[in-house]
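Visitor: I'm new to this one, could you walk me through it?
Guide: Gladly, here it is.
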Amino acid sequence: MKKIIFCLLLMMPLSVMAQKFGYMNYANVLKEMPEYAQVQEQLAVLKAKYNAEQERTEVEFNKKYSEFLDGQRDFPQNILLKRQKELQDLCEKGVQFRAECDQLLKNAEEELMTPVTSKLNIALGEIGNEMALEYIINIEGKEFLYIGPNGIDITGAVKAKLGLTAAE
């Protein structure tokens with residue numbers, strides 16, 4: 001009896017390895033979703049606004065710098081130092097503003113993409129349950145050099161679930 005149980009325990013990993021799994025390229029499907037395109041448009045508008053403000057401050061800095069260069073020979077020492085300090089402050093504020101813009105854009109992208117990725121993840125869960133898959137692999141990064149015969153390409157099913165194409 002003990003030998004039978006021991007043999008069953010040894011064979012268990014083999015049965016786990018024979019389970020079905022799905023695979024797909026997550027990024028490719030995500031980029032085909034209309035919501036993804038909408039997010040990218042919203043981000044482009046936001047980025048354009050930030051870029052316009054950055055350009056405005058850059059023009060202002062360049063104007064003040066040009067004025068400084070033109071008049072630096074005629075300025076008394078205290079005015080020269082004051083103008084240098086103003087230019088330094090403008091430069092630091094510009095760098096700080098760029099960093100804040102980058103962070104704000106990153107946060108906006110995460111916030112806007114959350115419902116899109118959530119929708120895709122829900123579809124993946126439903127496909128996994130419908131097809132009785134044990135797990136789904138994202139082949140996006142090409143880390144998988146070989147996918148065995150138990151693997152099922154679920155890309156078509158996921159696209160159909162999301163309404164992107166007809167079921168294959």
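Guide: A word on terms: a residue is buried under 20% relative accessible area, exposed over 50%, and partly exposed in between, using a 1.4 Å probe and protein chains only. This is a predicted model, where local features need pLDDT of at least 70, side-chain atom pairs count only at pLDDT 80 or more, and totals for chains, interfaces and linings use all residues. Residues are numbered from 1 along each chain as its sequence is written, and side-chain values use heavy atoms, leaving out hydrogens and water.
Visitor: How many aromatic pairs are there in the whole structure?
Guide: A search finds two, where rings of Phe, Tyr and Trp (its six-membered ring) pair if their centres lie within 6.5 Å, with planes under 30 degrees apart counted as stacked, over 60 as edge-to-face and the rest as tilted. Phenylalanine 21 and tyrosine 135 are stacked, because their ring centres are 5.5 Å apart and their planes are at 5 degrees.
Visitor: Where do those two lie?
Guide: Phenylalanine 21 is in strand S1 (residues 21-24) and tyrosine 135 in strand S2 (residues 135-138), so the pair ties together parts 114 residues apart in sequence; helices (H or I, at least four residues) and strands (E, at least two) are DSSP runs numbered from the N terminus.
Visitor: What about phenylalanine 61 and tyrosine 65?
Guide: Their rings are stacked too, with centres 6.1 Å apart and planes at 10 degrees. Tyrosine 65 is partly exposed, with a relative accessible area of 38%.
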